[in-house]
Structures are given as C-alpha cells and as structure tokens.
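Subject: Structure handover

Hi,

Here is the structure I promised to pass on.

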Amino acid sequence: MSCCLNFFDLWINNLSKIVSEENAFVELEKLVKKGQVSLGNKEQIKTQFTRLLVDPEIRNLLISKGIYEQDILLPDGNSVRPDKLIIGGKEATIVDFKTGKPNENHAIQMANYKAVLTQMGYNVKGYLLYTELVKLVGI
C-alpha cells in the first residue's frame, strides 16, 4: 500500500492533533485541503487508519496524548528521537511507527530508546507499530 508510506510520515508530524477517530479524519481532510494528500489516496488512507483503530491496544496508543518526534539529548551530545513518547508519572511508553516488514534493527533502535529513558528513571514500555501490517510488537 504505497499510498500510505508518505502518509505516515505526514501523520507523525500531525499526530499531536489527533485525539479521537473522528478528529483523525478531520485532520486527514485538512491534509487533503492543503494538497499534502491527494483525493485519490484519501480513502485508502482512511481505510488503513481504520484498520489500525480496530485493535484496542493500537487505538489507545494512537489517540493517547504524547510527545512526538522530540529529541532526547544524551550525555555524549548525541540525541535520540522516538516517534511518540507517552509519559505519566514515572511510567513512559515509547511508540515507534514502522512501514514495511519487521527488522532486527528496529528492535535494537527501540532497546536504545528504552535504555535512555530507563537511565532517566522511568519504567519503560516500548512498542513497534508496523502500520501496513497492523502489527504491534512489544520490545
């Protein structure tokens, strides 16, 4: 579903505005009006997003308030940037959105994110969300 590859890049940039299924489709309409999503791809995108929302765990992660693509500065001056970070007290949940098939490097990347947040004192859960496969993998 090649329509959705670029869509999810756009979506990540707009996720902070999405707080419900209905709101998601309002945001999609805005992307169409801005010319960032074609009318031809709109229904495919809507269908793909609806497929993700069927799973209650994925739905919760998608519509939970979070911090999106925010750099976390490391002691050595480098940084990491998870796609979505949900923080509540000392609990942190990381969601990294992936297109395509699972890859060992994805798990390594998530393990690095988790290690950084654990060092910061958080109890961390990490998830890889394969958007095209509608597959959520806990790491």
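A quick definition before anything else: when I say that residues touch or are in contact, I mean heavy atoms within 4.5 Å. With that in hand, take His106, which sits in helix H5 (residues 104-119). Not counting residues up to four places away in sequence, His106 touches Lys98, Lys101, Leu128 and Tyr130. His106 is also buried, with a relative accessible area of 13%; buried means under 20% relative accessible area, exposed means over 50%, and partly exposed is in between (1.4 Å probe, protein chains only).

Some housekeeping. This is a predicted model, so to speak of local features I need pLDDT of at least 70, and side-chain atom pairs count only at pLDDT 80 or more, while totals for chains, interfaces and linings use all residues. Residues are numbered from 1 along each chain as its sequence is written, and side-chain values use heavy atoms, with hydrogens and water left out.

The overall picture

The protein has 5 helices and 7 strands, which are DSSP runs numbered from the N terminus (helices are H or I with at least four residues, strands are E with at least two). Along the sequence the order is α-α-α-α-β-β-β-β-β-α-β-β. Of the 139 residues, 40% count as buried. Among contacts with a separation of 6 or more, 51% are between residues 24 or more positions apart. The accessible surface comes to about 7,600 Å², and carbon and sulfur atoms own 50% of that (Shrake-Rupley method, 1.4 Å probe; for residues, only the protein chains shown count as cover).

The helices

How many aromatic pairs does the structure hold? There is 1, formed by Phe25 and Phe49: edge-to-face, 6.1 Å centre to centre, with 90 degrees between the planes. For the cut-offs, rings of Phe, Tyr and Trp (its six-membered ring) pair if their centres lie within 6.5 Å, and planes under 30 degrees apart are stacked, over 60 edge-to-face, and the rest tilted. Phe25 belongs to helix H2 (residues 21-33) and Phe49 to helix H3 (residues 39-54), so the pair ties together parts that are 24 residues apart in sequence. Both Phe25 and Phe49 are buried.

Phe25 has a charge over its ring as well: Lys46 lies over the face, at 5.3 Å from the ring centre. The criterion is that NZ of Lys or CZ of Arg is within 6 Å of the ring centre and within 35 degrees of the ring normal. Elsewhere, Lys90 lies over the face of Tyr122, at 5.5 Å from the ring centre.

Phe49 turns up again where H3 meets helix H4 (residues 56-63): Phe49, Leu52, Leu53 and Val54 in H3 meet Pro56, Ile58, Arg59 and Leu62 in H4. The two axes come within 5 Å and cross at roughly 115 degrees. Axes here are lines fitted to C-alpha atoms, for helices over the stretch in contact, with angles from 0 to 180 degrees between N-to-C directions. H3 and H4 are therefore roughly perpendicular (65 to 115 degrees; under 35 is roughly parallel, over 145 roughly antiparallel, and the rest oblique).

The strands and loops

Asp96 is in strand E5 (residues 91-98) and is buried, with a relative accessible area of 2%. Leaving aside neighbours within four places in sequence, Asp96 is in contact with Pro82, Asp83, Gln109, Met110, Tyr113, Tyr127, Leu128 and Leu129. Asp96 and Leu129 are 33 residues apart in sequence, yet 6.1 Å apart C-alpha to C-alpha.

Ile86 in strand E4 (residues 84-88) is buried too, at 16%. Its contacts beyond four places in sequence include Leu61, Lys65 and Thr93.

Beyond neighbours within four places, Gly138 is in contact with Gly126 and Tyr127.

Finally, two backbone angles to look at. Glu69, in the loop between strands E1 (67-68) and E2 (72-73), has a positive phi near 45 degrees, in a residue other than glycine. Val134, in the loop between strands E6 (123-130) and E7 (135-138), has a positive phi near 50 degrees. Glu69 is partly exposed at 31%, and Val134 is partly exposed at 23%.

Cheers
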